[in-house]
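Hello,

Here is the structure for you to look over. My notes follow below it.

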Amino acid sequence: MISLTKTSLVFFLCLMAVSVYGQVERDRLDNRVVYSKFTIYDFFKEGSKWGWDLDVVNRRQSTLGERGFINTLENPLRFSVRAWLAYQPTKYTRISFNPIGLFNSAPRYPLESDLNRPFERELRTTLQINHSTYFNRFNFTHRLRFESRWRGIDDEDGAVQNWRIRYRIRTRIPLNTNYFYTNRTIYISQYSELHAEFGKNYGLNNLSQNRNYIGLGVRFWDWTRVEVGYIYQLNVRNNVTQIDVTRGPMFYLFIDYLSKLRLSN
């Protein structure tokens, strides 16, 4: 189990990375968004260490920095679907593999010149490791992802491949119970994530993204949760002189264990 000291160190490194983003002189481009994500998980049978996972992501965005919830819903930003095979060797560790995920992404639209940029379809292969630790009622989850990306699969010259490593630390704090997995728990959720990309002819924006989120969640039916929060994301463009500041509400629906739902509760 990772000690609290190590958890604090990793969290400190994430904060340092956010500080680096803030200190470098770059043009910041306002991009208002609405994010939503649905995930469902289940074991193949009770008592098994093997399971499956499905996630669907839908993101919308505004045009030229327009504000307001309705304006932010006007344009697509991303839609993706991924199916995972999962293995859980211990209670607190899960290893997941997605052989092929399909992503359909629009360019971000803070500038008029962005309106003429094309959509991009991408295939992605992902290995993911989740590990949870507890300190009293606090739940810390470390997530490490290794991704191979094939971007622009519809381009005449063929897709461009590169690699990405993502690290996220998430904290969940129950407010009305002592344990995150207790039914009817209301909790605070917060995370920070860093993205590092590399590969042949990739470009200069190797530290490509920092994503930060805080929200409020509630558990019901024992194994179902909803969260509503706020996302603040920094995306460095290829020219490394401009950063898209992506921000707005985020909505989650989680089914943590499909076979154990108790709809009558």
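A nonpolar core here is a set of buried Ala, Val, Leu, Ile, Met, Phe, Trp, Tyr and Cys residues joined through side-chain atoms within 4.5 Å; buried means under 20% relative accessible area, exposed over 50%, and partly exposed in between (1.4 Å probe, protein chains only). This is a predicted model, where local features need pLDDT of at least 70 and side-chain atom pairs count only at pLDDT 80 or more, while totals for chains, interfaces and linings use all residues. Residues are numbered from 1 along each chain as its sequence is written, and side-chain values use heavy atoms, with hydrogens and water left out.

The core. The largest nonpolar core has nine residues: Val33, Tyr35, Leu77, Tyr191, Tyr213, Ile231, Met250, Tyr252 and Phe254. Two or more of these come from each of β1 (27–43) and β11 (242–255), strands being DSSP runs of E of at least two residues, numbered from the N terminus. β11 gives the largest share, three residues.

The surface. Ile95, Phe97, Leu127, Ile129, Phe146, Trp163, Ile165 and Phe198 form a nonpolar patch with about 650 Å² of accessible area together. Areas come from the Shrake-Rupley method with a 1.4 Å probe, and for residues only the protein chains shown count as cover. Tryptophan 163 lies in strand β7 and is partly exposed because its relative accessibility is 44%.

Regards

Definitions and conventions:
Patches are made of residues with over 30% relative accessible area and no salt bridge: like charges are joined within 9 Å, nonpolar side chains (Val, Leu, Ile, Met, Phe, Trp, Tyr) within 5 Å. A salt bridge is a side-chain nitrogen of Lys or Arg within 4 Å of a carboxyl oxygen of Asp or Glu. Helices (H or I, at least four residues) and strands (E, at least two) are DSSP runs, numbered from the N terminus.
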